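Please view the sequence and the model below before reading on.

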Amino acid sequence: MTPISKEDSLHSANTHPLRVIYICGIEHTGSTLLGYVLGNNRDVTCVGELSQLPRLGWQGSHPCACGETIAACPVWTEILERWRAATG
């Protein structure tokens, strides 16, 4: 597996396969902690609880790890634009 760095993740999506690790767990099982630990690696991006993204992120003012709101974050803005283009 060739990791994709955070800096190159959006710009090289057409040349590198996207690798996804889905971590699932019920409350108090350590899944959030594991995500944070993995996210400390420069080649890994932890995106948190994606099920909350439409409600808290795109429609609200929930903060991103970069310090911006998710609606103002350049990474999430590009992801949203690509998602809307792909789904119509």
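## Salt bridges

Arg42 is exposed, with a relative accessible area of 62%; the exposed class lies over 50%, buried means under 20%, and partly exposed is in between, with a 1.4 Å probe and protein chains only. Arg42 forms a salt bridge with Asp43, and their closest N and O atoms are 3.5 Å apart. A salt bridge here is a side-chain nitrogen of Lys or Arg within 4 Å of a carboxyl oxygen of Asp or Glu. Asp43 counts as partly exposed, because its relative accessibility is 22%.

The structure holds two salt bridges. In the other pair, Glu78 and Arg82 have their closest N and O atoms 3.0 Å apart. These residues are four positions apart in helix α3 (residues 74-87), so about one helical turn separates them. Glu78 is partly exposed at 23% relative accessibility, and Arg82 is partly exposed at 38%. Side chains of opposite charge can pair when their charged atoms come close.

## Basis of the model

The model is predicted: local features need pLDDT of at least 70, side-chain atom pairs count only at pLDDT 80 or more, and totals for chains, interfaces and linings use all residues. Residues are numbered from 1 along each chain as its sequence is written, and side-chain values use heavy atoms, with hydrogens and water left out.

## Overall architecture

The protein chain has three helices and zero strands, and its elements run α-α-α from the N terminus on. Helices (H or I, at least four residues) and strands (E, at least two) are DSSP runs, numbered from the N terminus.

Of the 88 residues in the protein chain, 15% count as buried. The accessible surface of the protein chain is about 7200 Å², and carbon and sulfur atoms contribute 57% of that area; such areas come from the Shrake-Rupley method with a 1.4 Å probe, and for residues only the protein chains shown count as cover. Among contacts (heavy atoms within 4.5 Å) with a separation of 6 or more, residues 24 or more positions apart account for 32%.

## Surface patch and backbone

Ile21, Ile23, Leu34 and Leu38 make a nonpolar surface patch of about 340 Å². Patches consist of residues with over 30% relative accessible area and no salt bridge; like charges are joined within 9 Å, and nonpolar side chains (Val, Leu, Ile, Met, Phe, Trp, Tyr) within 5 Å. Leu34 lies in helix α1 (residues 31-39) and is partly exposed at 41% relative accessibility.

His28 is found in the segment before α1. Although His28 is not a glycine, it has a positive phi of about 65°. At 82% relative accessibility, His28 counts as exposed.
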